[in-house]
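Let's take a walk through the open spaces of this structure and the ligand that goes with it. Have the model open as you read.

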Amino acid sequence: MLKLVKGMRIVAATHNPGKVPEITALLGGHYEVVTAGSLNIPEPEETEGSFVGNALLKARHAADLSGEVALADDSGLSVAALDGAPGIFSARWAGPEKDFAFAMRRVEERLEEIRSDDRRAWFTSALAVAWPHGPAVVVEGQVHGLLTFPPRGDRGFGYDPIFIPEGQTQTFGQLDPAVKDSLSHRARALEKLKAALMD
Ligand code: IMP
């Protein structure tokens, strides 16, 4: 059976060294995490059409080129009235400047253009673990909620200030990070990953 053995090294398919402490903590501190960037592994083009597809593609690429077990994630916001957009293009909607105030306005403008008052949306997180030239496991977590405009709160990141998760009255940008962490798409994906691969 496929398992992650405590103490083993895991290659995180990212070039952002700042993500290492976050990923190490997510994995309960049981693994040594190094980034694909630190091993000079180039970032692949994200050519798949789904979160799961892109997470798998990134994990397989990092595992095959490093010869070690690799972990990758792909995530984003999907808006029901926009047929799931921005979805896998969530980061790209913020442009090269990574301007999420702009990206959130874009979502609002699109909803105005189609005169929709359907505010349903959800975040998705796909997490994939791949063995070099071998098998891979991928899981997906989601949190559903409603959009609100203008953005509220200065906590969190990305689209957090316009998203009110089900069962709450405040946006992810206002809520205590511990509350977000307890019900987020990422937390739900991670629970599934732990159940599948960790003892
Ligand atoms: P990725 O790095 O290609 O997976 O892009 C994910 C993008 O989705 C991020 O840049 C954020 O804009 C958005 N996103 C994913 N998760 C969250 C979240 O928890 N809060 C707010 N935005 C998120």
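**Pockets and ligand**

Fifteen residues, given as 15, line the second largest pocket, and Glu 22, Lys 180, Asp 181, Ser 184 and Arg 186 lie nearest its centre. Here a pocket is an open set of points on a 1 Å grid over the protein atoms alone, where a 1.4 Å probe fits, with protein on both sides within 12 Å along at least five of seven lines; lining residues have an atom within 4 Å of a point. The model is predicted, so to speak with its own limits: local features need pLDDT of at least 70 and side-chain atom pairs 80 or more, while totals for chains, interfaces and linings use all residues. Residues are numbered from 1 along each chain as its sequence is written, and side-chain values use heavy atoms, without hydrogens and water.Helix 5 (185–197) provides the largest share of that lining, four residues; helices are DSSP runs of H or I with at least four residues, strands runs of E with at least two, numbered from the N terminus.

Now turn to the largest pocket, whose space the ligand takes; a molecule sits in a pocket if more than half of its atoms lie within 2 Å of its grid points. Strand 3 (70–79) gives the most to the lining of this pocket, with seven residues, and also the most to the shell around the ligand, with three.

Of the 14 residues around the ligand, Phe 100, Asp 160, Lys 180, His 185 and Arg 186 come nearest, where near requires a heavy atom within 4 Å. The protein buries 86% of the 490 Å² that the ligand exposes when taken alone, by the Shrake-Rupley method with a 1.4 Å probe.
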